[in-house]
Amino acid sequence: MPATIVVGTQWGDEGKGKFTDLVARDMDMVVRYQGGHNAGHTLVVDGQTFALQLVPSGVLHEHTTPVIGNGVVVDPRVLLAEIDMLTSKGVDCSRLKVSGNAHLIMPYHQELDALHERHLGAAKLGTTKRGIGPTYADKAMRTGIRVQDLLDPKIFRKKLEVALDHHNKVLTKVFNRLPIEVDAVADEYLVGCAPRMSGYIADTVSLIHECLESDGNVLFEGAQATFLDVDHGTYPFVTSSNPVAGGACVGSGVGPRDINRIIGVAKAYVTRVGSGPFPTELSDEVGDYLVDVGHEFGTNTGRRRRTGWLDVVLLRQAVRLNSLSEIALTKLDVLDGLDTIKVCVAYEAGDERYRYVPYHQSVFHSVKPIYEELPGWKTDISGITDPDHLPAQAAAYIEFLESQVGVPIRLVGVGPGRGQFLDRAA
Ligand code: GDP
Ligand code: IMO
Ligand code: MG
């Protein structure tokens, strides 16, 4: 009953979607365990691009069952639109299962997310404005509405009345907005979404365990990333869920002993969207080069991503926080044009040197990265599929990272396409 987790090791957009699709070749089930449609996971298959927000990246394989676990927050309008988009491209979504315990993103969550950001002004977090934070807040307040409530109109309406009684006070009295009508939301969700959603709603905990018990292979697909984790990330500049590997257990209903392979996905440089500290950030021509060559614009929001050199301090911390058994290194090809490549191997702050992330935010905000400089390879590697054919400098770069981080780098991405990767263990 082998189970694998794919988790982001930086601030998101590392290429989790592409590597989930790759690893899903050998999987019976692919499970999303947290986040919502703040995620944007891109797969490029036979020249066709798929940008997935909610549907697990295993959906393109006909033999896998895609599952949306209890830890995910679901906007049913977005989910149904994504299913329609995939269906129009010839992808069969009929196997999809959605946990009845997952929480629903409601229209007022989305409005509150945007209003809260505006209220913060210069201190804004730079959220995706998808309603993620307010939905998880309602879950913790125990005033959330769950996917299973769509199956019971009476209960749905009752919970909606309680929620709107509170949120309408906030909308009208704090933010001077119009109240949201119970009937309008009930219509949109119960009449517009529930009949179609009902075919996908399931007891996903039992389905996952039945798969594991019959020796099936299950893959857990993380969204966001380790340093966007609400507990372990750069709080408050984080998302509102637990993307770390431990979150896969909570967000899907399996215990830690079920997991035996944990793949941390790391980009060969670092990007970040939204606000927050970023020690190796570049605001020079190398930063612009990484944006241009790496096409570093948000899959969902179109926002320009901030870019910087690879940060091994973050990776070492990610190895610890996620019990990584290996790293998948992505976008190595983006470094093809650089004469030299820097890697941050430690931080300095005051008289202290740090190999791991300092726990106090004031220290983290003030650290100076210590770099090692490696020679570039100045060769197009995007067509290489055999690791033995990599230029010596590229192979040395990978080995240097392995020695710094302490776990093997098995899969290496050399382009966005499904076949553009190297398996160093093969
Ligand atoms: P995710 O959120 O972690 O799934 O990553 P995104 O899909 O948001 O962003 C990663 C981007 O890099 C996508 O456009 C992918 O198609 C692309 N990509 C993934 N792996 C590679 C790679 O090895 N090389 C290149 N050049 N692009 C890649
Ligand atoms: P994938 O799965 C990159 C960032 C937002 C913001 C912060 C909080 O594609 O890697 P939220 O809307 O979650 O409350 O925003 O988190 N963020 C992401 N950044 N990739 C993502 O997902 C992200 N999902 C959220 O930009 O800084
Ligand atoms: Mg993304």
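**Note on a predicted chain with two ligands**

1. A polar side-chain atom of threonine 128 comes within 2.5 Å of an oxygen atom of ligand 2, which is a polar contact (a pair of N or O atoms within 3.5 Å; within protein, one must be able to donate a hydrogen and the other to accept it, and residues adjacent in sequence count only if both atoms are side-chain atoms). For threonine 239, a polar side-chain atom is 2.6 Å from an oxygen atom of ligand 2. Glycine 40 takes part through its backbone, with a polar atom 2.9 Å from an oxygen atom of ligand 2. On its own, ligand 2 exposes 550 Å², and the protein buries 97% of that (areas by the Shrake-Rupley method with a 1.4 Å probe).

2. This is a predicted model, in which local features need pLDDT of at least 70 and side-chain atom pairs count only at pLDDT 80 or more, while totals for chains, interfaces and linings use all residues. Residues are numbered from 1 along each chain as its sequence is written, chains are lettered from A and ligands numbered from 1 in the order in which they are written, and side-chain values use heavy atoms, with hydrogens and water left out.

3. Which residues are closest to ligand 2? They are Lys16, His41, Thr128, Gln224 and Thr239, out of 20 that surround ligand 2 (a heavy atom within 4 Å). By class, this shell has 7 nonpolar, 10 polar and 3 charged residues (Ala, Val, Leu, Ile, Met, Phe, Trp, Tyr, Cys and Pro count as nonpolar, Asp, Glu, Lys and Arg as charged, the others, Gly among them, as polar).

4. Ligand 1 is surrounded by 19 residues, the closest being Gly15, Lys16, Gly17, Thr42 and Asp333. Its shell divides into 3 nonpolar, 9 polar and 7 charged residues. Helix 1 (16–23) and strand 3 (41–45) each supply at least two residues of this shell, and helix 1 gives the most, with 3 residues.

5. Glycine 40 also has a backbone N or O atom 2.8 Å from an oxygen atom of ligand 1. Threonine 299 places a polar side-chain atom 2.9 Å from an oxygen atom of ligand 1. The protein covers 91% of the 580 Å² of accessible area that ligand 1 has on its own.

6. The chain as a whole comes to 13 helices and 20 strands (DSSP runs: H or I of at least four residues for helices, E of at least two for strands). The C-alpha atoms fill a box of roughly 65 × 50 × 40 Å along the principal axes.
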